[in-house]
Amino acid sequence: MGTSLAAGAAPLLAQTPALSGSRPAKSAQLAPTPPMGWNSWNSFATTITEDQALEQARIMAKELLPVGYDILTVDIQWYAPNASSYTYEAKPFHTMDGYGRLVPAPNRFPSSKGGKGFAPLAAKVHDMGLRFGVHLMRGIPRIAVERNLPVFGTGSFARDIADTKSVCPWNPDMYGIDMSKPDAQAYYDSVFGLFASWGVDFVKVDDLARPYDAHAPEIEAIHRAIVNSGRPMILSMSPGETPVIRGDHARNYAQMWRISDDFWDEWPLLEAQFTRLENWNPFMGNGAWPDADMLPLGRLALGDRDSKFTPDEQQTVMTLWSIARSPLIMGGDLRYLDDATRRLLTNPEVIAVNQASSGNRPHFLEDLTRIWSARAANGDRYLALFNTGESERTVGIDLDLLGIHGSVTVRDLWARQADGTATGRIDRTVPPHGSRLLRLA
């Protein structure tokens, strides 16, 4: 049996109609800058164990934490004893407590035995200076509904709140929750109260952001449950594509939300992210971050291969995510972190663009090119030049379009060295699928 909450549950809140225009209570920003961290999906699929998570955490604390990566997230099916790959069992067995709340599979996370849940693992992660995150599917486990387990602290049962017609099209674990039912909120409150007791700092909730309107009541319920838990937890909504027209709702109820389906190391998927990040730019900032997904760099796919992106494409990923201020969540297995990938992830001048720039905006000037600019804290300009074509080309912009009149000195942030001066216009040669990231002073 998993950890139980103290007697009694938070009172049921008045249900907010989906997309009603009402706003949640104001609170301190949970993510004042784009979150940075590591997630197990790209490299471990459903299979990560406690020992593997701790090994990743130790490497992360040494190699990535000094430049800001501080959230380690255990992705999907940590509650599945037999999880084995990127596919899901048609009728899985899950570990849960007597109230239908998922708990870690003890064969994979042995410190969870005796009702401890993720608390021992989270404590070890915290001791390394990191924050601890978990993945959760929207809704209530189907097994809990089959067994009709009680909802903690209430007189209701799983079948009273489950919407058995609301199912994820790609994962068989859960039924949705009908938020019009009494004690539906109490179930989510109990789940996030349990997470709070474990010391969870970040929750990626899947099957949430698509289809958006159908899931809006549960989005709002999860937000309320986090508030009711009393523990600050960043909410990451997944997967996309979140509809841009729902941007205000997304940024009111979550700190980050996916703008696409799963992003992997293929050029067409990367090329498509340019348009998505351009479209989402008006909703970026002030504690809310459109999420272009994890960084599929280094060793991936259960150790079967390294990233298929070319070195130029890998730099383009980091340049685009940085200038558009997407969260930076590494997906590759850190046990195989090579020097080239380490340099991509830890360049402090590039990370400063992601974490501390402002006024980020795209410029639309020429086919097969993408150009973004932003301001540094001291007023300098950042300039990102991209070549999305199949051959080398010159990419540039007139400086007056950046509000610059006169000469500027240029610094190449990837090379971390001076790169001449410019007057009136700046042009650079960019390889196919490549990028340049410059600072103009």
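Predicted model: local features only at pLDDT ≥ 70, side-chain atom pairs only at ≥ 80, totals over all residues.

Colleague: What makes the crossing of helix 10 and helix 11 right-handed or left-handed?

Modeller: Helix 10 passes helix 11 in a right-handed crossing. The label applies because the near helix is turned clockwise from the far one.

Colleague: Why is helix 10 called roughly parallel to helix 11?

Modeller: The axes of helix 10 (residues 311-323) and helix 11 (residues 339-346) cross at roughly 20° and come within 10 Å. Angles under 35 degrees count as roughly parallel, so helix 10 is roughly parallel to helix 11.

Colleague: Which residues make that contact?

Modeller: Gln 314, Gln 315 and Met 318 take part from helix 10, with Thr 341, Leu 344 and Leu 345 from helix 11. Contact here means heavy atoms within 4.5 Å. By class, the contact of helix 10 with helix 11 has three nonpolar residues, three polar and no charged.

Colleague: How do you know that helix 10 and helix 11 belong to the lining of the second largest pocket?

Modeller: A lining residue has an atom within 4 Å of a point of the pocket, and helix 10 and helix 11 are the elements that give two or more such residues. Helix 11 has the largest share, four residues. The pocket has a volume of about 300 Å³. It is lined by 16 residues, and the closest to its centre are Gln 314, Ala 340, Thr 341, Arg 343 and Leu 344. Its lining divides into five nonpolar, six polar and five charged residues.

Colleague: Which residues of helix 6 and helix 7 make the contact?

Modeller: Helix 6 brings Gln 185, Tyr 188, Asp 189, Phe 192, Gly 193 and Ala 196. From helix 7 the residues include Glu 218, Ala 221, Ile 222 and Arg 224. The contact of helix 6 with helix 7 holds seven nonpolar, four polar and three charged residues.

Colleague: What makes a space a cavity here, and how many cavities are there of 30 Å³ or more?

Modeller: A space counts as a cavity when a 1.4 Å probe fits but cannot get out. By this rule there are three cavities of 30 Å³ or more. The largest cavity holds about 100 Å³ of space. Of its 15 lining residues, the closest to its centre are Asn 39, Phe 202, Met 256, Met 294 and Ile 329. Strand 1 gives the largest share of that lining, three residues. The lining of the largest cavity has six nonpolar, five polar and four charged residues.

Colleague: Where does the largest share of the lining of the second largest cavity come from?

Modeller: Helix 6 again, with four residues. The second largest cavity has about 60 Å³ of space, and its lining residues include Tyr 187, Tyr 188, Val 191 and Phe 195.

Colleague: And what makes that lining eight nonpolar?

Modeller: Tyr, Trp, Met, Leu, Val and Phe count as nonpolar, while Gly counts as polar and Arg as charged. The lining of the second largest cavity therefore divides into eight nonpolar, two polar and one charged.

Key:
Residues numbered from 1 in each chain as written. Heavy atoms only, no water. 1 Å grid on protein atoms, 1.4 Å probe; cavity = no way out; pocket = protein on both sides within 12 Å on 5 of 7 lines; lining within 4 Å. Points joined across faces, edges and corners; volume = space filled by probe spheres on them. Axes fitted to C-alpha atoms, helices over the stretch in contact; angles between N-to-C directions. Parallel < 35°, antiparallel > 145°, perpendicular 65-115°, else oblique.
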